[in-house]
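Hi,

Here's the structure I said I'd pass along.

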Amino acid sequence: MTDQSELDAKILDDVADALIYSDRSGTIMRWNRASSALFGFSADEALGQNLDLIIPEHLRAAHWKGFEAALASGAMKLAGKPTLTRALHKDGRKLYIEMTFALVRDAAGVVQGSVAMARDVTERVERERAAKAAQNKPAQTS
């Protein structure tokens with residue numbers, strides 16, 4: 001590696017979790033390989049697109065309300081705590097994903113955008129829901 005920024009870019013591209021950075025307008029500016037694997041969109045397809053690309057329609061209003069509030073206040077309600085939510089795959093499937101978010105600031109402390117790390121937890125959530133449904137199912141008598 002020739003310099004720190006090249007190393008930083010390599011690390012971000014190689015981490016196992018999806019990493020998405022959007023600017024203040026919600027435009028996707030960074031999309032690593034794990035993001036492509038998780039959501040099905042290549043970097044070329046995702047970069048420059050709005051975050052609505054991966055947000056299910058029924059969650060968009062709530063997402064943008066929280067996004068705008070975080071940018072305005074400079075603080076996030078979740079403060080780095082993982083949250084379970086839904087996301088869209090390129091093929092139209094809805095995924096369960098666990099995400100963490102952070103605001104990205106410049107050297108002067110001005111918020112430039114938001115970064116999210118995401119991982120697919122669809123199988124785990126569906127397994128847990130199936131187990132819970134089986135527990136709540138009335139016992140059959142013969």
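Which residue in β5 is the bridge partner of Ala18? That would be Ala118. Before more of that: this is a predicted model, where local features need pLDDT of at least 70, side-chain atom pairs count only at pLDDT 80 or more, and totals for chains, interfaces and linings use all residues. Residues are numbered from 1 along each chain as its sequence is written, and side-chain values use heavy atoms, with hydrogens and water left out.

On the strands (DSSP runs of E, at least two residues; helices are H or I, at least four; numbered from the N terminus): β1 (residues 18-23) pairs with β5 (residues 111-120) in the antiparallel sense, over six bridges. Pairing takes at least two DSSP bridges. The β4-β5 hairpin has five residues between its strands, and Gly109 takes a positive phi near 90°.

Now the pocket (an open set of points on a 1 Å grid over the protein atoms alone, where a 1.4 Å probe fits, with protein on both sides within 12 Å along at least five of seven lines; lining residues have an atom within 4 Å of a point). Of its 30 lining residues, Ala62, His63, Gly66, Leu78 and Phe101 are the closest to the centre. α4 (57-73) gives the most to the lining, nine residues.

Cheers
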